[in-house]
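Subject: The structure you asked about

Hi,

Here is the structure for you to look through. Have it open while you read, and my notes on what turned up in it follow below.

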Amino acid sequence: MSSDHSAETTGHESWRPARETKAQRQWKPGQAKKVRSIRATFTSTVLVMEAFVLAFFGMAVYGVNRGEPMAPWALGLSLGLAVVAILTCALVRKPLGMWIGWSIQVLLVASAFVEYTMAIVGVGFGLAWWYAVVKGGQLDRENASRAAAEAKWREEQGPASQ
């Protein structure tokens, strides 16, 4: 391998591991880091935690009401809702994902009609969801503003400061 970094040698440097993802293969030194949404990270975290709570809630309701005809339905519904919560993590960057997330919060609070202690859990997760949406959005806006100011500064300074 020559020391020249031409197009045919890029991606095959000696320091690179044998197996890489597409993003790793396309990375070049000095390349800007992809910006991640803090709101998406926060809301996804809340949804994953809710999925665990929903799964355990369904198992608890099923165990307590084993002889009742509603027990399998409650288990199936809560497990289904847990799967929806996990899948919604992929949609939280879009308005549809936010609407599904808010719907899950309402259903979690409504689960208090089945087990009254879920009122506390539902309200707690509802507040966590609200905080994730509001504070995450605020942090994303601040990061975008900071990135724009930095780009403007770099443009004003010219190539000597980079």
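In which helix is Ser 78 found? Ser 78 is found in helix H3, and I would like to start there. Please keep in mind throughout that this is a predicted model.

Ser 78 and its surroundings

With a relative accessibility of 4%, Ser 78 counts as buried. Its side chain reaches the backbone oxygen of Leu 75 at 3.1 Å. A polar atom of the Ser 78 side chain also lies 3.5 Å from the backbone oxygen of Leu 54. If you leave aside neighbours within four places in sequence, the residues in contact with Ser 78 are Leu 54, Phe 57 and Gly 58.

The chain as a whole

Stepping back, there are five helices and zero strands in the chain. Read along the sequence, that gives the pattern α-α-α-α-α. The radius of gyration is 24 Å, well over the 15 Å that the globule rule gives for 162 residues, so the chain is more spread out than a compact globule. The C-alpha trace spans about 75 × 40 × 20 Å along its principal axes. Buried residues account for 28% of the 162 residues. As for contacts between residues at least 6 apart in sequence, 61% of them join residues at least 24 apart.

Helix H2

Helix H2 covers residues 38-64. At 1.5 Å a residue, its 27 residues should span 39 Å, and the end C-alpha atoms are 39 Å apart, which agrees. At the N-terminal end, H2 is capped by Ser 37, which has a side-chain oxygen 3.4 Å from the backbone nitrogen of Arg 39.

Not counting residues up to four places away in sequence, Ser 44 touches Cys 89 and Val 92.

The nonpolar core

The largest nonpolar core has 21 residues, and the ones that touch the most other members are Leu 47, Val 92 and Trp 129. H2, H3, H4 and H5 each supply at least two residues of this core. The largest share comes from H2, with seven residues. In soluble globular proteins, nonpolar side chains tend to be buried together.

Beyond its neighbours within four places in sequence, Leu 47 is in contact with Ala 85, Thr 88, Cys 89, Val 92, Gly 101, Ile 104, Gln 105 and Trp 129.

Trp 102 and Trp 129 form it in an edge-to-face arrangement, 6.2 Å centre to centre and with 85° between the planes. Trp 102 lies in helix H4 (residues 95-110) and Trp 129 in helix H5 (residues 118-157), so the pair ties together parts that are 27 residues apart in sequence. Are the two partners buried or exposed? Trp 129 counts as buried, at 0% relative accessibility, whereas Trp 102 is partly exposed, with a relative accessible area of 34%.

Two more residues to look at

Leu 96 lies in helix H4 and counts as exposed, at 54% relative accessibility.

Trp 153 has its place in helix H5. At 44% relative accessibility, Trp 153 counts as partly exposed. Trp 153 and Trp 99 are 54 residues apart in sequence, and their C-alpha atoms are 38 Å apart in space.

Happy to go through any of this with you.

Best wishes

Key
Residues numbered from 1 in each chain as written. Predicted model: local features only at pLDDT ≥ 70, side-chain atom pairs only at ≥ 80, totals over all residues. Heavy atoms only, no water. Phe/Tyr/Trp six-rings, centres within 6.5 Å; stacked < 30°, edge-to-face > 60°. Helix = DSSP H or I, 4+ residues; strand = E, 2+ residues; numbered from the N terminus. Buried < 20%, exposed > 50% of the residue type's maximum accessible area, 1.4 Å probe, protein only. Expected span 1.5 Å × (residues − 1). Polar contact = N/O pair within 3.5 Å; in protein donor to acceptor, adjacent residues only side chain to side chain. Core = buried A, V, L, I, M, F, W, Y, C linked by side-chain atoms within 4.5 Å. Contact = heavy atoms within 4.5 Å. Rg over C-alpha atoms; globule rule 2.2 N^0.38 Å.
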